[in-house]
Amino acid sequence: MGGGGDHGHADGGDFRTKVWSMTGGPNCRPKHWKRNTAIAMFGIFLVCIPIAMKSAELEQRPHLPVRPIPSQLWCKNFGKKEY
């Protein structure tokens, strides 16, 4: 019940190198992190821009909006009415 004993720490080394964490633990600055971040952001934009364009093309509203909606700026089926 508790009381110490040998828990496999015979070498007495630094345990932090064996601990996994989402932030990377002791290695929080991996190699090429700026390049990897840029590649990931490019991939996100590459996927999201066509989706946003298709969404604006298909957007329909059965009722006129009560207040301005940001998508009215780029959506073609609203016309030039001021709300």
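Visitor: Is Met41 buried, partly exposed or exposed, and what is its relative accessible area?

Guide: Buried means under 20% relative accessible area, exposed over 50%, and partly exposed in between, with a 1.4 Å probe and protein chains only. Met41 has a relative accessible area of 41%, so it is partly exposed. Bear in mind that this is a predicted model: local features need pLDDT of at least 70, side-chain atom pairs count only at pLDDT 80 or more, and totals for chains, interfaces and linings use all residues. Residues are numbered from 1 along each chain as its sequence is written, and side-chain values use heavy atoms, leaving out hydrogens and water.

Visitor: Where does Met41 lie?

Guide: Helices are DSSP runs of H or I with at least four residues, strands are runs of E with at least two, and both are numbered from the N terminus. Met41 lies in helix α1, residues 33-58. The chain has 1 helix and 0 strands.

Visitor: How many residues does the chain have, and what percentage of them count as buried?

Guide: The chain has 83 residues, and 8% of them count as buried. Ser71 lies in the segment after α1, and its C-alpha atom is separated by 9.9 Å from that of Ser55, 16 residues apart along the chain.

Visitor: What about His32, where does it lie?

Guide: His32 lies in the segment before α1. His32 is partly exposed, at a relative accessible area of 48%. Its phi is near 60°, a positive value in a residue other than glycine.
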